[in-house]
2 protein chains.
Amino acid sequence: MDKKSIGIGLIGCGIIGGQVARVLKERADTLATEVGCPVELRKIKVIPPDLERPLVGELGRELFTTDDEEFFAAPGIDVVAEAMGGETPAFDYVKRALAAGKQAVTSNKELIAKRGAELMAVAREHNVTLRYEASVGGGIPLISRFQYDLVANKITGVYAIINGTTNYILTRMAAEGVDFAAALKKAQELGYAEANPENDIEGIDATYKLAILSSLAFHARVGPDDIYREGISRLSNRDFQYAQELGFAIKLLAIAKENQGQIEARVHPVFIPADALLAKVDGVYNAVLVEGDLVDKVLFFGQGAGPLATSSAVVADIVGAAIEVTHGNQAQSGWRLEGGKVVKPMSEVVTRYYLRLSIEDQPGALAQIAKVFGSHEISISSAIQKLTDPVVQTAEIVIVTHDAVERAVQAALDQLQHLPVVREISNFVRVEAED
Amino acid sequence: MDKKSIGIGLIGCGIIGGQVARVLKERADTLATEVGCPVELRKIKVIPPDLERPLVGELGRELFTTDDEEFFAAPGIDVVAEAMGGETPAFDYVKRALAAGKQAVTSNKELIAKRGAELMAVAREHNVTLRYEASVGGGIPLISRFQYDLVANKITGVYAIINGTTNYILTRMAAEGVDFAAALKKAQELGYAEANPENDIEGIDATYKLAILSSLAFHARVGPDDIYREGISRLSNRDFQYAQELGFAIKLLAIAKENQGQIEARVHPVFIPADALLAKVDGVYNAVLVEGDLVDKVLFFGQGAGPLATSSAVVADIVGAAIEVTHGNQAQSGWRLEGGKVVKPMSEVVTRYYLRLSIEDQPGALAQIAKVFGSHEISISSAIQKLTDPVVQTAEIVIVTHDAVERAVQAALDQLQHLPVVREISNFVRVEAED
């Protein structure tokens, strides 16, 4: 099919959408060479406040509309790129574009994590493709890795730092010994965290991204609600101190594994060995480590957010979509769901644990605690006891376990809480070795 | 175009080819699902000794031939995968396959580095694609990153550890203080270095890979002969000691940069800051850091060699080729050469330098040396002087310069060599900061 040019419709012209529009305009020559014909931005759907942006003047007011019907009736639109974010109404827009036989591109992780399978079914039905490279890891090429490069592998694990806000906060806490609140405040000042940071610090954003990566990696439908989740707000300076003493770094990891049809998917703070590659990923950077049976380990690192990096991925998808329009279907659409796979309940997950307890500093206290672990068949790898307050005779004890099942650890914690010598269970964090 | 099945012809059935054949057989179901129809290995061209391999019995003798004409006359071959290595006769085989209108896949870095442009022209002429993901970085997805994901970026730099043998040797030298010969011997015992290791330790293998990455990144023809090259054999323990003291790691880096149409491409040992991500890439692992104007930095890490990892990339390309056969051209073939770019001569390269000299331990010696640098407009960042042998009054001096042009440094070294107080220029290594 020969085309004289490819027309793009853009939905949303905020920070990401605006940058996509700029790249499409400024790199028109390069993109035309790659696609084989010009790629033209023909209509932009915005909400009224966005009409005040300087970009409207730069690109010309006639390109913009606030009206859905006008947008979808615009002539010569082959590819619709959605950069507005959120589940609704983005879902309706993307579905409408696909149902009208247009290629669709989105940077919307929430949309793909929650409703991706539905949209891909619509895409298949209309023989078009939904592309979403920018939805995970910003400018880091990830999605097409699973769809193309790793296709011959059986993927066994994904270990990812996929939220820049939390990684920035944890990096500052580790490097400067500041507490969570101070690190969050600094992140907000620098624009790395939002005024309402819940979505990031509670790990919600990371579950969206892990849902997408897991669905791709394991050929099974993994939704955000299937993923166990803990945020980073309960980490304290003492945990970082002990982590360093024990040779660990603390990261918010998104972890997914498959073993014999059972999928494990969870987002929570993790102790990882300080010499692990992921432990070196600092600041707002993201990294995704993938384990496959042929490739062993591959790791992808880069900026997981920001308008420039995200626009790189969105425009790459627009080029891919444009090539599909000019040269025909590329047949790698959607998640190849295999069926029969189940998500393992968190209670059955096996990992190591770091625990920090406040106890009465009296003879036999440690023995009583060790006995509780023993009765739940949890074996202890190391224990450090420190006298922290001689006046009230309180000691702090840090325990790292060997592999144990979550259910047993939770039962042990429950029992410990009722032990008279235990004053407080200050924290517990899971420990991972990456493989 | 609907096909009932896709036929594969394989050239070479050594360690890599054999593993590719195994994956095609063992994962036939997965590959058929990805492609939409079965992918069948129909003929394997080998040299007579390979007929003795156990694989011949496993796959059936009738699949194998030692005869070129029989191979090319075999019916139903849509994709030819070459895994024999070397420039000749691999070039003729791949060219013949492309000229016959077949899709071609190769893992052959030497072939692509030296004759890739020629083969891509043949591919274009016959409306097929030459795929070569496995030629650089084994199982690490790299080639298609440039062709697809980074397409909207202007690439400014590539910094790569792309030879596992040398990285293994340097890692051992740094970690254990063993000398080059001992580390090489160990690498040979473990099968990480060949009996004749020249290709790896002299950086030849790395220049092939950098030629391919540079051509892709900068849209210009960069051949292995355009690349300045130094191996690792002249690095000594003392260099590693000083590197550690100064806060550096030593790596064999393949570096390519573009600035205003001038391309810089070189392979040589490099001092890099110990906290740089590339400094953490140890053992036989590879990593490629790419700088683009939109993505900033992205890094790809993994196993750069080995039959399993390499087969992952070859089979991914075979799937891509099969999809092209069933669904039509994907239009991302070959290097998009822009023309007008030149490779900068090594003498004009600007970087920092580490120098180690043996000098006479006498008053004013350092001043004389500093004067030589000054006369060539090279400014010194740090100098360490150590008394190494009081009997013969020889001191060792280590100098790290600020940015200087290679021509000036070479001229200074030449002059230093004739200075009476200089007993020996023991070594010099360039220093890079990654960006």
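Analyst: In β12(B), G302(B) is the bridge partner of V298(A). This pair belongs to a set of five bridges that join strand β12 (residues 296–303) of chain A to β12(B), the two running antiparallel; strands count as paired if DSSP finds at least two bridges between them. Helices (H or I, at least four residues) and strands (E, at least two) are DSSP runs, numbered from the N terminus. This is a predicted model, in which local features need pLDDT of at least 70 and side-chain atom pairs count only at pLDDT 80 or more, while totals for chains, interfaces and linings use all residues. Residues are numbered from 1 along each chain as its sequence is written, and chains are lettered from A and ligands numbered from 1 in the order in which they are written.

The contact as a whole takes 48 residues from chain B and 48 residues from chain A, where two residues are in contact if their C-beta atoms, placed from the backbone, lie within 7 Å. On the side of chain B that touches chain A, α2 (28–35), α7 (143–149), β12 (296–303) and α13 (307–327) each supply at least two residues, and α13(B) gives the most, with 12 residues. Because 100% of the interface residues of chain B are also interface residues in chain A, the copies meet through the same surface.

Chain B can be laid on chain A with an RMSD of 0.1 Å by a turn of 180° and a shift of 0.0 Å along the axis (superposed by least squares on the C-alpha atoms of residues with pLDDT of at least 70 in both). That is the relation of a two-fold axis. Of the residues of chain B, F300(B) comes closest to this rotation axis, with its C-alpha at 2.4 Å.
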